[in-house]
Amino acid sequence: MNQFATNKKQYLSGVLELAFRQLELSDFQYEQVKKRYGLVAQWIGSSSDPRLNGSIIYPQGSVLLRTTVAPISNGTFDLDFVCQLPAAANDESAVTLHKLVGDRLRENGTYKTMLEPKNRCWRLNYAESSRFHMDITPAVRNLACGNNGILVPDRELSQLKPSNPKGFAAWVDKTSKLSPTFTQITRRMVEAAFAKADIQPLPENVDVHDPLRRIIQVAKRHRDFTHHSGKLEHPPISVIITTLATHSYAYCVHAGTYETPWDFVLSVLRNMHRFIRVIDTSNGPWYWIENPATIENPVTTATNVENFAEKWNESPEKANGFFEWHAAIVSEFEQLFSLEGSDQVQHHFAKQLVGPEADSIFSSINASVNAARVSGRLFAGRTGVSIATGTPVRKNTFFGD
């Protein structure tokens, strides 16, 4: 790979990192969320109904995984929580378990006006200014799972279904600690490129400390933006994206070495579909994407294992939606590398990958860089271009000669 390509891939990796830092829940929003779900937990646990005694509310999904992504067009963050009831019987019916928590929330005058029933949970729609709603899923301990799993209600099926958000988050976290290997020649080429300072600089040293979570955020945001723009009718759910990306991440880490982080990200995206089990049946394909945290031991039965692709087998268009989305994200990331000039890259981020926020992200980057140039504070170092001390950066071209 030549120096031109190295420079370009390093730049694109940096822009992705900066973009998704700005699309996460802010620290202020996190504090709001913590305070509010704490109040909900206190209210449910203070009920006179003994089945609600000792109830615990804890985050699941993107909040627990730390993969939240801002909604499109000033929508609301969808934040998921579990309300586990240690005192409730393990054999409560799905309808009873769901109703138990909903009835308690209705007893609160404030929550009553915010409450919306869902199939497995209760949604609390907070004021628009908060920019989030909370989905609270009732749960009891799954005695058949030796991995601290839970059972959650599915009212449509009138069943309690296995789940394990804590175990799932631990699996993602363990995988995220795996580190891809990059070639020595790339490190030398990158250092040489930065020493020449002929690449488009970023306003700070940009290092992706947690590439798995960034990949998940990128994939989810692309899914949201593609669906919102009308190009995708049946978007894949977040837990499927997260599961397949995590499997693919581990696979790609062990598959070999990579020239740049960009090559690694693209490899992870390309290989996600490998981890979908497809069985041909007389009724068509049958899909299986298991929750690895609900597997207890080799004799665990299918009824104790969560299949994230369950809805695919009921509605084939959902499976088709995943494959349509997957082909699109791979294609658009491949196209991004072929673009020339920062204007084209910015346009692609805004129109294909991130959405309208991309324009403000690039404006912020350019403003910081230009201000630093004027003041003479933009310098080149061994690991990046930053506003720091070192060798002043001369006027540059976009990705090099």
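## A salt bridge to start with

Is E116 buried, partly exposed or exposed? In this predicted model, E116 counts as partly exposed because its relative accessibility is 27%, which falls between the limits of 20% and 50%. Its partner is K118, and the two side chains meet in a salt bridge with an N to O distance of 3.1 Å. K118 is partly exposed too, with a relative accessible area of 27%.

## More charged pairs

Side chains of opposite charge can pair when their charged atoms come close. The structure holds 19 salt bridges, and a few are worth a visit in your viewer.

Start in helix α4 (residues 94–106), where D103 and R106 both lie, three residues apart, or about one turn of the helix. They form a salt bridge whose closest N and O atoms are 3.3 Å apart. D103 has a relative accessibility of 28% and counts as partly exposed; R106, at 38%, is also partly exposed.

Next come D173 and K177, whose side chains meet at 2.7 Å, N to O, in a salt bridge. Here the two partners fall into separate classes: D173 is partly exposed, with a relative accessible area of 25%, whereas K177 counts as exposed because its 59% is over the 50% limit. Salt bridges also join into a network, which links R120, D154, K161 and E310.

## Aromatic pairs

Turning to the rings, a search of the whole structure finds 16 aromatic pairs. One of them is F168 with F308: the ring centres are 5.7 Å apart and the planes stand at 85 degrees, so the pair is edge-to-face, the class for angles over 60 degrees. This pair links distant parts of the chain, 140 residues apart. F168 belongs to helix α6 (residues 165–176), and F308 sits in the loop between β11 (284–288) and α11 (310–314). F168 counts as buried at 6% relative accessibility, and F308 is buried as well, with a relative accessible area of 11%.

Y251 and F275 form another edge-to-face pair, 5.9 Å centre to centre with 65 degrees between the planes. It also links distant parts of the chain, from Y251 in helix α9 (residues 238–255) to F275 in the loop between α10 (261–270) and β10 (277–281), 24 residues apart. Y251 is partly exposed at 33%, and F275 counts as partly exposed at 26%.

## Charges over rings

Charged side chains and aromatic rings meet here as well. R104 lies over the face of W43, 3.7 Å from the ring centre. Likewise, K166 lies over the face of Y58, at 4.2 Å from the ring centre.

## An enclosed space

Rolling a probe the size of a water molecule over the atoms shows where empty space is left. How many cavities of 30 Å³ or more are there? The count comes to one, and the largest cavity holds about 30 Å³ of space.

Its lining is made up of F225, T226, K231, E332, K351 and Q352. Helices α8 (211–228) and α13 (342–353) each supply at least two residues of that lining.

Notes: Residues numbered from 1 in each chain as written. Predicted model: local features only at pLDDT ≥ 70, side-chain atom pairs only at ≥ 80, totals over all residues. Heavy atoms only, no water. Phe/Tyr/Trp six-rings, centres within 6.5 Å; stacked < 30°, edge-to-face > 60°. Helix = DSSP H or I, 4+ residues; strand = E, 2+ residues; numbered from the N terminus. Buried < 20%, exposed > 50% of the residue type's maximum accessible area, 1.4 Å probe, protein only. Lys NZ or Arg CZ within 6 Å of the ring centre and 35° of its normal. 1 Å grid on protein atoms, 1.4 Å probe; cavity = no way out; pocket = protein on both sides within 12 Å on 5 of 7 lines; lining within 4 Å. Points joined across faces, edges and corners; volume = space filled by probe spheres on them. Salt bridge = Lys/Arg side-chain N within 4 Å of Asp/Glu carboxyl O.
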